[in-house]
Amino acid sequence: MFQELVEKLFNAMLVLDYENVKNILLDSINNSENQDFTSEELLIESQKKFGELWVQGDIALSQVYMAGKICEDVIEEISPNFKPKNLYSEKIYTVVLEDFHILGKKMLDSILRIAGFKISDYGFGISVEALLEKLKQDNPQLLLISTLMLNSALRVKVLVDEMKKLKLRTKVIVGGAPFNIDSDLWKNVGADGYAPTATKSIEVIKQLLGLQS
Amino acid sequence: MKQDTLTSMDRIVGTLQQKEVDRVPFILTLTHHGAIELGISIEDYYKSPENVIKGQILLQEKYQDDAVMGANFFAMEIEGWGGDVVYTKDGPPNTGRPPIRDFEMINSLESPSFDHLPSYQNTLDIIAGLKEHFGSSMPIVGGVLAPFSLPVVQMGFDKYIELIYEHPDEFKKLMELNIEYSSKWANAQTKAGATFIVSFDPLASSDMIPRDIFLDKGFPVAERTFQKMDGMYTIHLASGRATKTFNDLARLKPIVIGVSTSDNVKELLLSDDKAPAILGNLSGINMVKWTPEQTSQIVKDLLSDVKSLGRFILADNHGEIPYYVPESNLLAISQTIDQYGRFNTE
Ligand code: B12
């Protein structure tokens, strides 16, 4: 049942069929009593499939992005009906370190909100020094960093080292093209976690913060 | 190093024409490494064409590769459109905030003239200076952001995807402007002495846009741009996978197609014996962590895979080798080609 619906929703998003996406979601919300899954799980599972197919080279980034956009638009339209079942209160921030490439972060913010996380924003093009100041002030549980340029990705190491000196306990998850291309890079820069796609980060977050799935 | 009997130009042109040459040609696409050679900051390096000319000459002497880079960083093109360039100390300059803020703006936009902008003039001066130094012995690489990929930096990737899918009129308008602009910029470089123009077009990769949308929207744009270009051109997918659109791109008659590490060069070459030559496909990012021995082995493996097929120029897969790739690995590439890339010695 769940897999069937995931498939249906995936296909509707792939052909950008807004009405169909909306109806599948509304059906699932209205039917929630009789289902052993939530409507956000349905959404996330179908988004996850987009991410996996993209990593394999089977679909294009524009399709992943447009699927995410349809989700957001539908949720906005039906928002009084759509409420994630699990709402997490952990203090989580996202940021584009040094780069000005915001697409990865935008996709990340969107899916994490759907998953029930409260996401705060450190913006983009921010330096390690400025970011450290903010971390000292806010002391979040988790920081998700997106980078597109290799030199920005390498800057995470400087950040993590400084955080250690300052005894900041914020966990760091990284992502973006350089980390996908060099699969060891996330460990080499001292991050606590990494995910190849925005949706995959949900599992990593839950694991790092010890939240139940 | 063995004594070369051919010039780099002979070697590259011969390879493109499927003639017998002395060894597999290779291009190291080194840009900011010139600043390291001169011991100055990347920002200072790019401020003066003399620096870049000197840097390119030193790099070519050191690694003995088969082309020099006339066009060195693409973020500069955003200045033509009213945007800013952001410099860093250890990487390529980037574009700042995209100058096109909303779809509306496109309707009142005009194709810019760039003659008055120093960064464009510097690029032309670099090309002319390299031409003066090398004459016709060395290919000089010019480059443009392809009209179909340029909007990623003109308006941001998110907005551009929405433009392609949801705003057909503004998309058309922007493509008209970009075709005019890119072909003009390419022709200025050709006139200054660039041997060929690399059209960087990652949106022609199915990693970025599905093939059917590329064929519908991107292909005709590329076709018209190339029709307006005076000199030879290559298509480079900037590390996007080429496999699904390779045969389509071949129909655009570039002299070379630059492919990704995720593509199988041998299969692509075998898929069409009339297809252009292939440039690729070492992973620049992974090259940072390889040892010289690993680098050498990877180059050997690639050579043994495709050397006998011809139509192959060895290079990285992005069109620019990252700042942190060490000299020892670059020398390893150069030496391995010298040893294993020769056609008459094995
Ligand atoms: C399209 C493209 C271009 C386009 C536009 C890029 C842009 N967005 O501005 C053009 C042709 C203009 C271009 C130019 C350049 N590019 Co370019 N380009 C690419 C390409 C093909 C895709 C980049 C992209 O935008 N992807 C879309 C984003 C959303 O994908 P993503 O970051 O992978 O994000 C996904 C996941 O990683 C994840 N994710 C992202 N962030 C996070 C964070 C967390 C915490 C998690 C969990 C997940 C996550 O979510 C996303 C979706 O699931 C890549 C190669 C590649 N295969 O990726 C090179 C690449 C990004 N380019 C690169 C470079 C160097 C450049 C230039 C600087 C080259 C030059 N010398 O001029 C210029 C400058 C660009 C600029 N903006 O100033 C390098 C950067 C690495 C490096 N070597 O430093 C890359 C990686 C190519 C390579 N293989 O080396 N480029």
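Tutor: Start at Val68(B), whose bridge partner in S4(B) is Ile140(B). The model is predicted: local features need pLDDT of at least 70 and side-chain atom pairs count only at pLDDT 80 or more, while totals for chains, interfaces and linings use all residues. Residues are numbered from 1 along each chain as its sequence is written, chains are lettered from A and ligands numbered from 1 in the order in which they are written, and side-chain values use heavy atoms, with hydrogens and water left out.

The two strands involved, S1(B) and S4(B), the latter covering residues 140–145, pair in the parallel sense over 2 bridges. Helix H10 of chain B, residues 168–192, packs on the sheet and touches S4(B) and S5(B) (196–200), with its direction at about 170° to that of S4(B). Contact here means heavy atoms within 4.5 Å. Axes are lines fitted to C-alpha atoms, for helices over the stretch in contact, and angles between N-to-C directions run from 0 to 180 degrees. Helices (H or I, at least four residues) and strands (E, at least two) are DSSP runs numbered from the N terminus, and two strands pair if DSSP finds at least two bridges between them.

The open sheet in chain B has 7 strands in the order S1-S4-S5-S6-S7-S8-S9, with parallel pairing. S1(B), residues 68–69, and S9(B), residues 312–316, stand at its edges with a single partner strand each, so one side of each has no neighbour in the sheet. Within S8(B), residues 277–282, lies Asn281(B); a cis peptide bond joins Gly280(B) to Asn281(B), with omega about -20°.

Elsewhere in chain B, Lys62(B) and Glu327(B) form a salt bridge, their closest N and O atoms being 2.6 Å apart. This pair links distant parts of the chain: Lys62(B) is in H4(B) (49–63) and Glu327(B) in H16(B) (327–340), 265 residues apart. A salt bridge is a side-chain nitrogen of Lys or Arg within 4 Å of a carboxyl oxygen of Asp or Glu, and the structure holds 31 of them over all chains.

Chain A has its own open sheet, 5 strands in the order S2-S1-S3-S4-S5 with parallel pairing. Its edge strands, S2(A) (119–126) and S5(A) (193–194), each pair on one side only. S4(A) and S5(A) run parallel, joined by 2 bridges, and Ile173(A) has Gly193(A) as its bridge partner in S5(A).

The ligand lies between chains A and B. From an oxygen atom of the ligand, a polar backbone atom of Gly176(A) is 3.4 Å away, a backbone N or O atom of Ala177(A) is at 3.3 Å, and one of Thr95(B) is at 2.7 Å.

Technical notes: Near = heavy atom within 4 Å. Polar contact = N/O pair within 3.5 Å; in protein donor to acceptor, adjacent residues only side chain to side chain.
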